[in-house]
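Take a look at the sequence and the 3D view before reading on.

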Amino acid sequence: MASLFKDPNKLSAYRDRRFNGTQEEFDHALQTSTTVYIGNMSFYTTEEQVYELFSRAGEIKKIIMGLDKNTKTPCGFCFVLYYSREDTEDAVKYVSGTILDDRPIRVDFDWGFQEGRQWGRGRSGGQVRDEYRTDYDPGRGGYGKLVQKE
Ligand code: GTA
């Protein structure tokens, strides 16, 4: 079956500022990689739950939970590594937007996991988005970190 993801510019809106290469190399990585990033997860969602849901798209090679770099506890994202590109595309097509622990999760193509990418990059240890948001989100530690400091 022909891929539904033909335009490399539409594969992901996210650009990793720490990717060490050209835009062409980044686009190529997104087109060929067998890794997806999962965002908007609850801090309480377990690796077992991720395994259960993402196995529906295909056989999983590895799951890497995103961790707060200070507390070393889950901070609301993860990477799922598949064996095949078709399964990777199916995860983006069919699992993105589904509900996990009462939250719509976001599944995004990823350029590939490297050691260090499992840690939140926010100043407080978690994800950058949890620094700035102003809503109260009980599944992600309550208010954003900057609001908590006020
Ligand atoms: N494939 O969408 C993604 C993605 N995200 C959001 C993070 N990662 C992603 N990978 C893919 N797709 O390995 C990966 C990162 C890293 C790990 C943790 O997850 O590559 P992080 O979330 O802590 O930090 O990463 P990151 O990605 O460097 O954050 P970034 O891009 O600055 O900001 C993410 C979001 O935070 C923005 O889209 C915006 O909504 C919000 N934000 C950032 N800065 C501000 C600001 N100044 N004010 C308000 N909001 C802000």
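Predicted model: local features only at pLDDT ≥ 70, side-chain atom pairs only at ≥ 80, totals over all residues.

Residues are numbered from 1 along each chain as its sequence is written, and side-chain values use heavy atoms, with hydrogens and water left out.

**Who surrounds the ligand**

- The ligand has 18 residues around it, and Tyr 14, Arg 106, Asp 108, Asp 110 and Arg 117 come nearest (a residue is near if one of its heavy atoms lies within 4 Å).
- Strand S6 gives the most to this shell, with 4 residues (strands are DSSP runs of E, at least two residues, numbered from the N terminus).

**Polar contacts** (pairs of N or O atoms within 3.5 Å)

- An N or O atom in the side chain of Tyr 14 is 2.6 Å from an oxygen atom of the ligand.
- For the side chain of Gln 127, the distance from an N or O atom to a ligand oxygen is 2.8 Å.
- For the side chain of Asp 16, that distance is 3.3 Å.

**Aromatic rings**

- The structure holds 7 aromatic pairs (rings of Phe, Tyr and Trp, its six-membered ring, with centres within 6.5 Å).
- The rings of Tyr 37 and Phe 79 have centres 6.0 Å apart and planes at 65 degrees, so this pair is edge-to-face (planes over 60 degrees apart).
- Tyr 37 in strand S1 and Phe 79 in strand S3 are 42 residues apart, so the pair links distant parts of the chain.

Conventions. Polar contact = N/O pair within 3.5 Å; in protein donor to acceptor, adjacent residues only side chain to side chain. Phe/Tyr/Trp six-rings, centres within 6.5 Å; stacked < 30°, edge-to-face > 60°.
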